[in-house]
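Keep the viewer open as you read.

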Amino acid sequence: MRITIFSESSADEAALKILVEGILGEKVEEEPRKNKLRSRGFASVENELPVVIKSTYYNTDADSLIVVYDSDDEPVHEKKHYGNEAEKCRLCFLQRKISEVVKSLKPRPERNSLKIAFGVAVPAIEAWYLCGTKIPVGEESWKRKLKGEKVGYDRTSLKEEIYGVRPFRQKQIETAIKEAKKLAQNLELLEEKFPEGFSIFANEIRSWKQ
Ligand SMILES: [Zn+2]
């Protein structure tokens, strides 16, 4: 399987490749993005995501695309959101945006359609890395945090726990890879703690296996 990965940093993308391999139980080949990103992060998703989908579809040999964003302080996705356009949840936003872009794609001669799996890490991908540690990460605990409860972690503490304060970029990538390798050994717990932002994403990827 040839995949293109689009997330908020090179470190996140390196980790996601390992997680995808863990989900599939096989190695994948990464097809680098063909477009230059002008900026990263959710603030530029509206502009960058359509470009990434189109350039992956038209200009690469990738058969699948992985898209993962952090939820930051936006609402955690719940099933009751479906069909409600007003929801500020990032998972719902990605769902709408991706289906809008996919509808606009022209058929590729002798090629299958591009498979796309998208997820949202609550509140950031570092929470996934800390799953199974003493820090009580998970979508349920973060929902309580958004209501003002103290849950023992916040976005800054998650990043510091993983990377320390002000890490170098290369060091971040190495750390993310190390954490993802550990995590790939315990995907069941990750799916249990992150049922909307990770489990649905993982199931979509599993459905790609023939
Ligand atoms: Zn939602």
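A word on element names before we start: helices (H or I, at least four residues) and strands (E, at least two) are DSSP runs, numbered from the N terminus. What you have on screen is a predicted model.

Nine helices and four strands make up its list of elements. Read from the N terminus on, their order is β-α-β-α-β-α-β-α-α-α-α-α-α.

How does the overall size fit the chain length? A compact globule of 210 residues would have a radius of gyration near 17 Å, and the chain has 17 Å, so the two agree. Of the 210 residues, 50% are buried. The accessible surface of the chain is about 11100 Å², with 48% of that area belonging to carbon and sulfur atoms. Contacts reach across the sequence too: among those with a separation of 6 or more, 74% are between residues 24 or more positions apart.

Next, turn to helix α7, residues 169–183. Its 15 residues, at 1.5 Å a residue, should span 21 Å, and the end C-alpha atoms are 21 Å apart, which agrees. Which residues of α7 are buried? They are I173, T175, A176, E179, A180 and L183. Because these residues cover an arc of only 165° around the axis, they lie on the same side of α7. Look at the face turned away from that buried side and you will find the exposed residues K181 and K182. As for the partners on the inside, the buried residues of α7 pack against α1 (10–24), α4 (125–129), α6 (155–163) and α8 (187–193).

Is H81 buried or exposed? Its relative accessible area is 4%, and buried means under 20%, so H81 counts as buried. What surrounds H81 there? Leaving out residues up to four places away in sequence, H81 touches V76, E87, C89 and C92. There is also a histidine pair to inspect: the side chain of H81 makes a polar contact with the side chain of H77, at 3.4 Å.

Conventions
Residues numbered from 1 in each chain as written. Predicted model: local features only at pLDDT ≥ 70, side-chain atom pairs only at ≥ 80, totals over all residues. Heavy atoms only, no water. Expected span 1.5 Å × (residues − 1). Buried < 20%, exposed > 50% of the residue type's maximum accessible area, 1.4 Å probe, protein only. Arc of directions from axis to C-beta. Contact = heavy atoms within 4.5 Å. Polar contact = N/O pair within 3.5 Å; in protein donor to acceptor, adjacent residues only side chain to side chain. Rg over C-alpha atoms; globule rule 2.2 N^0.38 Å. Areas by Shrake-Rupley, 256 points an atom, 1.4 Å probe, with all protein chains shown as cover.
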